[in-house]
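Hi,

Here is the structure I promised to pass on.

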Amino acid sequence: MSHDQDRRVEVAGVEVSMCHYVDGERVDSPTTFETRSPNDWDTVLGEVARGDDEIASLAMAAATAAADDWADRGPAGRAEVLHRLADVIDDHVEPIAQVEATDMAFNLQSMRARLVHRGAENFRNYADLARDHVEREWDSKGTHNRVIRMPAGPAVVITPWNAPWMLSTWKVAPALAAGNPVVLKPAEWSPLTASLLGDLADEAGVPPGVLNIVQGIGEEVGAALVADRRARRISFTGSPEAGRLIGRAAAENLVPFTAEMGGKGPLLVFADADLDAAAKKAAWQYDDSGQVCLAGTRLLVDESVVDEFLERFHAHVDDLVLGPSTDPDTDICPMVHPDHVARVLGFVERARDNGDEILRGGGRADLGPLYVEPTLVRPRDNQSEVVQREVFGPVLTIQTFADEAEAIALANSTEYGLSAIVYTGSQERAVRVGEGVRAGTVWVNTFLVRDLTAPFGGCRISGIGREGGDFALEFHADLKTLQILDGSTG
Ligand code: NAD
């Protein structure tokens, strides 16, 4: 391991460090892993440092050493730094967008228009919320009571590959605003925008050790980080399978843990809905090749309108353009990795074997090995694997219901409960169905509109705990009740 020996590679015209970022310095590892662009799988973008137990320990030591000073700055002092970071991010829209579009094949237009700024907003929003927080104070039983948020200490933040920039900033921001130094480990299939975050933090004057970024494989450096006894919080987004392992490590050290995990969201369409709007939104669930945890992948449609719905749905899907993430005409980008394509096509094969009906797609598109056709499956019954398990690709299912009760029962019939989408023209139904569906977020006649102060998370195997607004800030704090006996002090 060598300190301050940076290795940089040009990715989409941007110099990106392939090294870890620890204590404000770039640190390399003796071994590496490859990162490639889904837009051009034959070319290796770079050899990224492959962290191990040693680098995990170094990063945890840096975060631990930085903890007191960062806590002592208080919410207002930290907010100043985090606002500077947000401003620096807003000044670097193009390089961040280009690197994400190349490394992960995230749609370049979406990155430019919305998601880079959303990263900046994550820092501003949490900084302001923490700074403007009003402590709860009250008198009872002859004492004056005050609830104080104490920074908990170093936080380990682990993110998935599907929206690396957005999710890294979304998860790092509340920890930093709450006063906890962070060790961030991004996913090995899309590590590069997290690396840029180290440069941006440096430019913004984030003190050394407050934000550390460790690259590597989940089972290696990820496992070492979550097992480290210096971690006082673990914040994870990824699959339920990895969530279970990380939860065990957290339990071993008695460390609070939040997990944002998979989804199998229903998209319910009632007969009184604007059918064309519903069909268009359903078609757009293929966005990002379906690699979206919140996607409404189970289309549940009133049987009286299913034929008309399907006609409109197919027309909207026909309009979607598959192509490289950097092409301005592209709607659906390539999938992230050949292993993931194989996993997704495995679901389709097993659906065929099960007697499920493939209504459209079902194979690779002829653009290249990482493109999968938008696929629609009518399952034999509700127990089909393709209905019950998260596919995380461009594969939707369609089922019908006879009435509202059946619609809600089908919506709630999987182990997941992250999100749901409802299309209806009736206010009463919107409220009834919204209340009846078990999910962390239910959108009615819209999708992905997010208020960053609202709680965000999942029920059942979709999540433990909530992020968003004060919910994330409280997770990252140790709450203390200070009670002073009335009249006992001057
Ligand atoms: P994953 O669980 O395989 O990996 C997620 C992260 O965990 C990666 O950084 C990985 O390296 C790390 N990891 C894996 N095993 C680990 C271990 N034993 N110890 C420590 N770290 C470990 O998930 P993925 O394939 O990267 O992402 C896809 C999944 O993420 C899907 O299930 C998707 O629904 C979910 N997701 C959920 C949300 C949400 O907000 N609920 C958002 C995005 C993605």
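This is a predicted model: local features need pLDDT of at least 70, side-chain atom pairs count only at pLDDT 80 or more; totals for chains, interfaces and linings use all residues.

Phenylalanine 392 counts as buried, at 15% relative accessibility; buried means under 20% relative accessible area, exposed over 50%, and partly exposed in between (1.4 Å probe, protein chains only). Residues are numbered from 1 along each chain as its sequence is written, and side-chain values use heavy atoms, with hydrogens and water left out.

Back to phenylalanine 392: its phi is near 65 degrees, a positive value in a residue other than glycine. You'll find phenylalanine 392 in the loop between helix H12 (385–388) and strand E19 (395–401). Helices (H or I, at least four residues) and strands (E, at least two) are DSSP runs, numbered from the N terminus.

Arginine 460 isn't a glycine either, yet has a positive phi of about 50 degrees. Look for arginine 460 in the loop between strand E21 (441–444) and strand E22 (463–464). With a relative accessible area of 41%, arginine 460 is partly exposed.

**The ligand**

What surrounds the ligand? There are 29 residues around it, and the closest are Thr159, Glu188, Ser239, Met261 and Glu390; to be counted, a residue needs a heavy atom within 4 Å of the ligand. Helix H7 (218–227), strand E13 (233–237) and helix H8 (240–252) each give at least two residues to that shell.

As for polar contacts (pairs of N or O atoms within 3.5 Å), a ligand oxygen is 2.6 Å from an N or O atom in the side chain of glutamate 188. An oxygen atom of the ligand is also 3.2 Å from a polar backbone atom of glycine 218, and a ligand nitrogen is 3.5 Å from a polar backbone atom of alanine 223. On its own the ligand has 840 Å² of accessible area, and the protein covers 90% of that (Shrake-Rupley method, 1.4 Å probe).

**The cysteines**

How many disulfides are there? The count comes to zero, taking a disulfide as a pair of cysteine sulfur atoms within 2.5 Å. For cysteine 333, the nearest cysteine sulfur is that of cysteine 293, 17 Å away. Cysteine 333 is buried, with a relative accessible area of 2%. Cysteine 459 is in no disulfide either, and the nearest cysteine sulfur, that of cysteine 293, is 14 Å away. Cysteine 459 counts as buried too, at 15% relative accessibility.

Cheers

Notes:
A polar contact is a pair of N or O atoms within 3.5 Å; within protein, one must be able to donate a hydrogen and the other to accept it, and residues adjacent in sequence count only if both atoms are side-chain atoms.
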